[in-house]
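Please go through the structure below before reading on. The text then takes up a few of its local arrangements.

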Amino acid sequence: MYRIGIDIGGTFTDLAAVDGDGRVVIAKSSSTPGDPSDGLLDGLTKLAAALGLPREQLLAETERIVHGTTVATNALLEGKGAKVALLTTEGHRDVIEMREGMKDDRYNVRMAPPEPLVPRARRLGVAERMRADGTAARPLAAESLAGAVEAAAASGAEAIAVCYLHSYRNPEHEKATAAVLAAKLPGTYVSLSSEVLPQIKEYERVWTTVVNAYVGPVLADYLSRLSGRLADAGYAGEVMVMHSHGGVATIPESSRLAAGAVLSGPAGGIAAAKQAAKLVGTGELITFDMGGTSTDIALLQDGEAPLTAEKQVGLAKVSLPTLDIHTLGAGGGSIARVDAGILHVGPESAGARPGPACYGRGGTAATVTDANVVLGLLDPASFAGGDLPLDAAAASSAVTDVADALGVTAVEAAAGISKVVNTTMAEGIRIVSVRRGVDPRGFTLVSFGGAAGIHVTEVARLLDIERVVVPNVASVLSAWGMLATDLRYEMVRSHIGDAASTTADGLRSLLADMERSGRDRLDGFGGRIEVRRALDMRYGEQIYEITVPITDVDVEAAGFVDEVVTRFHERHDELYAYNAPGQEVVIVNARTTIVGKLPELRAEPLPAGGGESPEAGLRRVYLDGWIDVPVHRMATVAQGERVSGPALFESATTTVLLRAGDSAVIDEHGWLDIRLEK
């Protein structure tokens, strides 16, 4: 039986099929933004062909499909979500517009405020009020609620977000509102803050609830349509959806908590990196995922990537647990332009349509991919396995336009485009490392994404990183990594109080209740279940919390709370190089993660070889001058073979460049382990 991972990006849809022995077969198809399922099914056809099977047989022999999707992301960034009405406590409808009293450019007095996802006319106050302790200061007024529901219906709202004050403490009023909405507006998508984000901080809670309502109908419709089309094509199993926290969930759960899939696609790359850490012998990794539209970068320490609850996606703030991934507008399709004599690359992208000029789909703007064609680094005849032959003349023409604006030759302009995008991506890595007090020189750079291989060694060199690893499935690593994920549910409850007055029994009871709720969601799951616990804590005078893992703390111990406080002081010192043991410590939120462990992803071993890798030929490329470099085929390498740069490695879906002084060894899994000259 096969497992298939599918990652839909802005330019390509990546697919990876793994059998029980760990053998991997990959495929790529062009993404279809109008209906992503079209490109997905086309990719499945190509994947089946690569396996020598009809598509129907492949799907019949597939036990699980894991899907990373940008549907929710694109709906949010492009403003194409549902028409949302917000029901909130009377007098509090402007929280979403007031934000936190901040603006992106705080010193720009002429800066217009951003338009919220819900205009004021569809933000409706309801007479009710819950106190912070969970008691009702003002009962839910039936007449006021009826008027708000009627106004929401009259506005043409396609989804309703409900966010009442302190509903994290007592959701009674929100649940009563949901019952009225179900009766009066059947079929309307309803998002309750007490279910989406049951924790303190009104601004974050209302924004996340609104985002969930905004993208929920779009994602639910897509997943329902996809599920039906896969069933019609012969697939009888369950489709699992990648979530922003790095786990997967079922289609019903993903439709309910759509905001959790806003960063679904990039999360697959982190799952792959966690699996890679086991294979390459180090947990200190920096991921470098360069695709056609963007580059995603993340830092792993001890094989784990940190989660954050402070994620901004466009205008929207999503406070659900999310892998801490930094995204740059730099990819193979990033457009080069000249402004006042200065060369810029990105963030604008040519996307899948029309794509780079060399794709021959009507694009005329010079992109990073066009520059690589001009430099001789890409073989026009074999690009995308020969399915997408490149037009070298069109690439040269587009880059020549940039060269003319700069007053240089076309090849000099192409080299300049490459250097600019490399510098941009190196700066992105500094943001996730140096700016957080981490020295990247001790890390291994894991390269994946179809466009990364040409640029990764130069980016590493700019950062003094000495080791780069390129998996043999690098171009579809996010799709492959999705198969290494587990079922995962994140539970959070606010528990505000100073640690000194918190009883061990009270905290135990809260954590046990959260664990029961999480296990209920995995009802019927036959595999091993793992429970992880953490607390959001701060000093009494602080306004921001830090998350303190307590999974290995004995909750039954007499000194349970004291040990939790000790862990907080230690974690604060790790993050900020100081702590204050004499100050009051406050527990704000309790977090429990329930993980249903899915079968381990095996990696296919390569047959042993040794010595020098045979060359497939020579190609003339520009590396600060025109030279002939050997080209090696990834499909024919054997374990233990060594290659010294300058050289190129090519597969059907990616190209890897070694520069002078670089050396690569083929490891037991067929991955390139590259060492850079000091």
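The paragraphs below treat a hairpin, a sheet and a pair of helices.

This is a predicted model, in which local features need pLDDT of at least 70 and side-chain atom pairs count only at pLDDT 80 or more, while totals for chains, interfaces and linings use all residues. Residues are numbered from 1 along each chain as its sequence is written, and side-chain values use heavy atoms, without hydrogens and water. Helices (H or I, at least four residues) and strands (E, at least two) are DSSP runs, numbered from the N terminus.

Strands β20 (residues 334-339) and β21 (residues 342-349) pair in the antiparallel sense through five bridges; pairing requires that DSSP finds at least two bridges between two strands. Within this pairing, A336 lies opposite V345 of β21. The hairpin has two residues between its strands, and A340 adopts a positive phi near 55°.

Helix α12 (residues 392-406) packs against helix α13 (residues 410-432) at about 90°, the axes being 8 Å apart. Axes are lines fitted to C-alpha atoms, for helices over the stretch in contact, and angles run from 0 to 180 degrees between N-to-C directions. The two helices α12 and α13 are therefore roughly perpendicular (65 to 115 degrees). V399, T400, V402 and A403 of α12 meet A410, A413 and A414 of α13, contact meaning heavy atoms within 4.5 Å.

Note on methods
Parallel < 35°, antiparallel > 145°, perpendicular 65-115°, else oblique.
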